[in-house]
Amino acid sequence: MSVQIFGKAKCFDTKKAERFFKERGVKYQYVDLLRYGISMGELKSVRAAAGSIEALLSDKEDVSGVTWLSFEQDKLEKLYDDPRLLKTPIVRNGKRAAVGHMPEMWEKL
């Protein structure tokens, strides 16, 4: 398996993740969430690794104009439909994943 970094082009934590793996000579695949999104299967795998949907949510300050009250119906579907709501970076290697700036977890991936 190779490392995948799902992120947003203007996200500083995504850039930190890319730099982390470059400095260690680890090959990775970058996926721009806003351009390509994330598949439902990948999203479910990341949710399982993160432990909860809440761990995947971006901070409110990062996402402008989003109604957070509508989340109760189908949170996973909402995240799939609007990847702006996801916390980045999502660093994934097989079934293991880390969400957000977590260099200690990246080391284990």
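**Reading strands, cores and salt bridges**

Mentor: Partly exposed lies between buried (under 20% relative accessible area) and exposed (over 50%), using a 1.4 Å probe and protein chains only. This is a predicted model, in which local features need pLDDT of at least 70 and side-chain atom pairs pLDDT 80 or more, while totals for chains, interfaces and linings use all residues. Residues are numbered from 1 along each chain as its sequence is written, and side-chain values use heavy atoms, without hydrogens or water.

Trainee: Which residue meets Glu-54 in a salt bridge?

Mentor: A salt bridge needs a side-chain nitrogen of Lys or Arg within 4 Å of a carboxyl oxygen of Asp or Glu. The partner of Glu-54 is Lys-75, at 2.7 Å, N to O. Glu-54 sits in the loop between H3 and H4 and Lys-75 in helix H4, 21 residues apart, so this pair links distant parts of the chain. Helices (H or I, at least four residues) and strands (E, at least two) are DSSP runs numbered from the N terminus.

Trainee: How many salt bridges are there by this rule?

Mentor: The count is six. Another of them joins Glu-107 to Arg-24, with the closest N and O atoms 3.5 Å apart. Glu-107 belongs to helix H5 (residues 103–108) and Arg-24 to the loop between H1 and strand E2 (28–32), so the pair ties together parts 83 residues apart in sequence. Glu-107 is exposed at 53%, whereas Arg-24 is partly exposed at 43%. Together with Glu-23, these two are linked in a network of salt bridges.

Trainee: Which strand does E3 pair with over four bridges?

Mentor: Strands pair if DSSP finds at least two bridges between them. E4 (residues 96–99) is that partner, in the antiparallel sense, with Val-99 bridging to Ile-90. The two form a hairpin with two residues between them, and Gly-94 in the turn has a positive phi of about 65 degrees. E1 (residues 3–7) also runs antiparallel to E3, joined by three bridges, and Ile-5 stands opposite Val-91.

Trainee: Which residues touch the most other members of the largest nonpolar core?

Mentor: A nonpolar core is a set of buried Ala, Val, Leu, Ile, Met, Phe, Trp, Tyr and Cys residues joined through side-chain atoms within 4.5 Å. Of its 16 residues, they are Leu-43, Leu-56, Leu-79, Leu-86 and Ile-90.
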